[in-house]
Amino acid sequence: MNAKEQIISLRSELHKLNYNYYVLDDSSVSDYDFDLRLKELKKLEDLHPEFYDSNSPTVRVGGDITKNFATIVHNSPMYSLDNSYSIEDLYDWEKRIKKIIEDNIEYTCELKYDGASISLSYIDGKFVKAITRGDGIQGDDVTPNIKTIPTVPLVLQGDFIKNFDIRGEIVMPIEGFKKLNSERVSNGEEPFKNPRNTASGSLKLQDSKEVSKRPLECLLYSIVESSGIIKSQYESLEIAKKLGFNVSNEIKLAKSIEEVFEFIKYWEINRNNLPFEIDGVVIKVNDTNQQNELGFTSKFPRWAISYKFKPEQSSTILKNISYQVGRTGSITPVANFEPIDLAGTIVKRASLHNSDFINKMDIRINDTVFVEKGGDIIPKIVKVDLSKRSVSSEKTIYINHCPECNSELKRNEDEANHYCLNYNFCQPQVSGRIQHFISRKAMDIDGLGAETVNLLVEHNLIKNYSDLYRLKTEDIIGLERMAQKSSENLISGVLLSKEISFDRVLYGLGIRHVGVTVAKKLAYHYNNIDALMCASYEDLETVDEIGGKIAESVINFFAAQENIMIINDLKFYGLNFQISSSKIIKSDKLLGSMFVVSGVFSQFSRDELKLEIEKNGGKVKSSISTKTSYVIAGDNMGPSKRLKAESLNVAIISEEDFVKMIK
Ligand code: AMP
Ligand code: ZN
């Protein structure tokens with residue numbers, strides 16, 4: 001055998017062994033032998049870089065570093081699932097679908113794996129890409145990290161259609177999670193909270209070598225392809241298994257809702273015997289034709305529903321109530337109780353929301369309380385066990401002074417929360433506003449985190465976010481953990497943030513009730529900050545989706561002299577306070593149309609063309625799908641794009657046609 005043949009044979013042997021070991025759970029070869037062969041392959045590959053293969057078994061050990069994960073649009077959206085909690089909910093669901101489907105319906109019942117969803121793409125039997133769910137429309141490209149997970153096949157067994165996506169869940173099995181945590185504790189690190197968050201956090205690690213050390217598993221549940229060869233969900237899982245994917249064996253084909261319910265009842269009791277966590281069961285209409293007939297709402301498929309198990313409850317003793325001050329000065333009471341294990345997570349705190357909540361539940365220190373982990377895994381107190389209350393217990397008296405600055409608290413009649421009004425000098429408010437300003441959805445300043453902000457505030461280097469732009473390297477160098485490099489990073493991160501668009505700057509200002517979406521609405525309605533600052537209450541209320549509460553808060557924010565001064569400072573430093581002129585909307589001629597741009601053009605650059613589409617209300621996507629309305633073809637359009645457009649019957653138009661459309 002020559003080197004090439006040797007490499008190829010080792011690769012295919014290792015793929016097979018990997019599959020046997022991790023998917024079939026049968027270890028015909030010892031770990032030692034496996035490693036030996038892997039090392040041999042690595043050696044040969046190093047000697048012969050000309051035979052490089054991005055899907056070689058040696059990529060499992062990782063090594064690629066990703067600084068910023070690219071955002072990628074899913075080939076088809078990753079929907080969420082409608083929820084149900086009782087057999088009545090399921091009967092209701094059945095009633096809804098029987099209005100559309102007259103024939104008999106069969107259901108597949110699957111476990112609802114509690115992890116992070118992932119979409120894997122395969123071309124010609126080879127793994128090419130993995131994208132996180134993100135917002136369902138687009139997610140992050142985490143391919144190098146996913147390659148390290150042994151239950152993700154890099155090369156498929158047997159033949160299947162050329163291109164397809166398959167979706168599944170990355171979970172961290174409980175045993176592995178426990179082991180990882182005990183290693184962390186013995187290294188003096190904080191243990192992770194729960195398997196689900198650890199799994200999804202692992203996908204976003206920058207160093208894929210670190211990911212390869214995390215005991216992750218990929219469970220697949222759905223093949224997405226449009227050729228129509230798959231006749232049912234059950235069959236699709238069988239196909240996936242044959243291709244070498246890790247598919248659970250706990251699947252049932254049910255002939256009625258009653259049979260579905262038996263599956264649910266069984267797993268509600270036996271869920272703790274599984275090697276990984278589940279939070280319910282997913283029920284899907286089995287037949288693909290029936291699925292197509294039912295289709296999707298804007299959020300989820302009509303042909304599937306999840307059944308969520310009741311959250312686990314446990315009782316504990318409330319030790320004390322502490323009070324947190326948020327960036328807007330709002331006070332949040334927090335219950336601190338004896339730590340308890342709730343469905344595998346240690347919890348010791350829960351929000352008590354506000355004084356009304358405490359009064360209504362009559363929660364008192366030393367009470368025995370029931371704590372539940374909600375669907376969003378945030379623990380909450382659901383009940384007080386009055387039978388265990390001591391006779392000497394006293395009603396909780398809510399604080400009336402700020403725990404941080406001792407100012408008197410105020411509560412407006414129409415609001416549930418108490419507020420500390422010491423806007424300028426209450427430390428958590430000062431730091432909180434700056435932390436909000438630098439956060440990812442606002443100015444996204446690299447090299448600056450919450451702890452550093454606290455440090456800068458404590459050292460009186462900054463009092464508000466505009467002070468950030470005054471900082472110099474020499475001011476910060478020598479502060480705790482601030483060496484030359486990190487100081488320089490901080491300053492360059494601050495400088496770079498001047499490029500951030502107006503809508504995000506507006507969000508960053510931290511006006512109460514102005515979140516990301518509202519900030520966008522306001523920014524695009526008024527186009528610049530001066531117009532927004534002059535807007536009256538009545539005028540603000542005419543803006544789409546802006547109500548009285550937001551309008552009032554905007555007015556109040558701009559009425560405060562200190563805010564005007566800060567904004568003037570920020571203007572001076574060159575932040576964006578208007579929508580860049582290239583983004584201003586021209587027309588809605590292309591509203592509802594989805595474009596794909598391919599090739600080289602004469603009048604526009606590709607970016608200009610894309611901008612032009614958006615300015616006229618259209619949308620631009622990077623790949624062609626059944627949803628594409630037009631492909632604008634320039635010179636040298638890729639042949640595969642052309643083929644795809646033709647096979648999906650998508651109109652291919654020229655640059656000139658496009659110009660006519662927007663005339
Ligand atoms: P939810 O996040 O509650 O809307 O539930 C939807 C999520 O459940 C999907 O995004 C999937 O990641 C996840 N899921 C887990 N197991 C399954 C399964 N067997 N079939 C479909 N989705 C599943
Ligand atoms: Zn205060």
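## Domains

The protein chain splits into domain 1 (3–61), domain 2 (73–84 + 103–254 + 272–294), domain 3 (427–499), domain 4 (502–572) and domain 5 (594–662). These bounds come from an automatic or database domain assignment. The centres of domain 4 and domain 5, taken over C-alpha atoms, lie 36 Å apart.

This is a predicted model: local features need pLDDT of at least 70, side-chain atom pairs count only at pLDDT 80 or more, and totals for chains, interfaces and linings use all residues. Residues are numbered from 1 along each chain as its sequence is written, chains are lettered from A and ligands numbered from 1 in the order in which they are written, and side-chain values use heavy atoms, with hydrogens and water left out.

## Around ligand 1

Which residues come nearest to ligand 1? They are Glu110, Ser117, Arg133, Glu169 and Lys284, out of 13 residues around the ligand. A residue counts as near if one of its heavy atoms lies within 4 Å. By class, this shell holds five nonpolar, two polar and six charged residues. Here Ala, Val, Leu, Ile, Met, Phe, Trp, Tyr, Cys and Pro count as nonpolar, Asp, Glu, Lys and Arg as charged, and the others, Gly among them, as polar.

Several N or O atoms pair up with the ligand. In the side chain of glutamate 169, an N or O atom is 2.4 Å from an oxygen atom of ligand 1. A polar side-chain atom of serine 80 lies 3.1 Å from an oxygen atom of ligand 1. Tyrosine 113 uses a backbone N or O atom, 3.1 Å from a nitrogen atom of the ligand. Taken alone, ligand 1 exposes 490 Å², and the protein buries 87% of that. Such areas come from the Shrake-Rupley method with a 1.4 Å probe. Strand 3 (107–113) and strand 10 (278–285) each give two or more residues to the shell. Strand 3 gives the most, with four. Strands are DSSP runs (E, at least two residues), numbered from the N terminus.

## The largest nonpolar core

How many residues does the largest nonpolar core have? It has 55, and Leu468, Tyr469, Leu506 and Leu522 have the most contacts inside it. A nonpolar core is a set of buried Ala, Val, Leu, Ile, Met, Phe, Trp, Tyr and Cys residues joined through side-chain atoms within 4.5 Å. Buried means under 20% relative accessible area (1.4 Å probe, protein chains only). This core draws at least three residues from each of domain 3 (427–499) and domain 4 (502–572).

Technical notes
Polar contact = N/O pair within 3.5 Å; in protein donor to acceptor, adjacent residues only side chain to side chain. Buried < 20%, exposed > 50% of the residue type's maximum accessible area, 1.4 Å probe, protein only.
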